[in-house]
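These are my notebook entries on one structure.

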Amino acid sequence: MALLPILEFPDPRLRTKAAPVDPAWLADPATQRLFDDMFETMYAAPGIGLAASQVDVHKRFMVMDVSEEKNRPLVFVNPVITARSGEQVYQEGCLSVPGIFADVTRSDEIAVSALDRHGVPFELEVDGLLAVCIQHEMDHLEGKLFVDYLSPLKRELVRKKLAKSRRSAA
């Protein structure tokens, strides 16, 4: 397994809309290695979700694990939210926007359908952190970031803060 580079805001590649996955692609051992590499990258970051778009793979899939023990990995291929209800405000962060956290309003409960890493269809009804994580990662697949929920002024402040921290690290 290998750690993958994570694209960071304002990289324009994060704005690419992901293409649907052909289920036959899931049978390729390289695809299964990519899932494993994404989990390793996500856990090392550390994070709870990672969309393919964030590692410059513009296909509709994402990995996540919101368990404390990091022992419940989930892969969502071609995910679709089929129902939404309620509203919650959650302080979100993002591996593509390191060190920045902001309150984002999302649906409290969702139903999602997808394929697992082997192409088996499944459906979940979830709430809380998992619902937030799914919605957040699905935004990535649409080329949207959590900073898009912020005011233009706050978004510009985030961009400047990240640019300054990158200069300091260089």
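**Entry 1. His 140**

I began with His 140 and looked up its contacts (heavy atoms within 4.5 Å). Setting aside neighbours within four places in sequence, I found His 140 in contact with Leu 14, Thr 16, Ala 51, Ser 53, Gln 54, Cys 94, Ser 96 and Leu 145. I located His 140 in helix α2, residues 128–141. Helices here are DSSP runs of H or I with at least four residues, strands are runs of E with at least two, and both are numbered from the N terminus.

**Entry 2. Basis of the model**

I noted that this is a predicted model, in which local features need pLDDT of at least 70 and side-chain atom pairs count only at pLDDT 80 or more, while totals for chains, interfaces and linings use all residues. Residues are numbered from 1 along each chain as its sequence is written, and side-chain values use heavy atoms, with hydrogens and water left out.

**Entry 3. The binding-site record**

I consulted UniProt, where an unreviewed entry lists Cys 94, His 136 and His 140 under "binding site". These positions are spread over 47 residues of sequence, yet they cluster in space, with a largest C-alpha distance of 10.3 Å. From this set, Cys 94 and His 136 belong to the lining of the largest pocket. I worked on a 1 Å grid over the protein atoms alone: a pocket is an open set of points with protein on both sides within 12 Å along at least five of seven lines, and lining residues have an atom within 4 Å of a point. UniProt positions follow the numbering used here, with feature names shortened, and annotations may be inferred rather than shown by experiment.

**Entry 4. Cys 94**

I placed Cys 94 in strand β4, residues 88–94. Cys 94 has 9% relative accessibility and therefore counts as buried. Beyond four places in sequence, I listed Gln 54, Ile 100, His 136, His 140 and Phe 146 as its contacts.

How many disulfides does the structure hold? I found zero disulfides (pairs of cysteine sulfur atoms within 2.5 Å). Cys 94 is in none, and its nearest cysteine sulfur, that of Cys 133, is 10 Å away. Cys 133 counts as buried, at 4% relative accessibility.

**Entry 5. His 136**

I found His 136 in helix α2, buried at a relative accessible area of 7%. His 136 and Cys 94 are 42 residues apart along the chain, but I read 8.7 Å between their C-alpha atoms. Apart from neighbours within four places, His 136 is in contact with Glu 92, Gly 93, Cys 94, Arg 106 and Phe 146. The side chains of His 136 and Glu 92 make a polar contact at 2.7 Å. A polar contact is a pair of N or O atoms within 3.5 Å; within protein, one must be able to donate a hydrogen and the other to accept it, and residues adjacent in sequence count only if both atoms are side-chain atoms.

**Entry 6. Glu 137**

Which residue does UniProt list for "active site"? The unreviewed entry gives Glu 137, which I placed in helix α2. Glu 137 is buried, with a relative accessible area of 4%. Not counting residues up to four places away, I recorded Gly 49, Leu 50, Ala 51, Gln 54, Met 62 and Met 64 as touching Glu 137. The Glu 137 side chain reaches the backbone nitrogen of Ala 51 at 3.1 Å.

**Entry 7. Helix α1**

I checked the span of helix α1, residues 29–44. The expected span is 1.5 Å times one less than the number of residues; for its 16 residues this should be 22 Å, which agrees with end C-alpha atoms 22 Å apart. The buried residues of α1 include Leu 34, Phe 35, Met 38 and Phe 39, and their cover includes β1 (49–51), β2 (61–64) and β3 (74–85).

At the start of α1, I noted a side-chain oxygen of Asp 28 within 2.8 Å of the backbone nitrogen of Ala 30. Thr 31, also found in α1, is buried at 2% relative accessible area. A polar atom of the Thr 31 side chain lies 2.8 Å from the backbone oxygen of Trp 25.

Technical notes
1 Å grid on protein atoms, 1.4 Å probe; cavity = no way out; pocket = protein on both sides within 12 Å on 5 of 7 lines; lining within 4 Å. Buried < 20%, exposed > 50% of the residue type's maximum accessible area, 1.4 Å probe, protein only.
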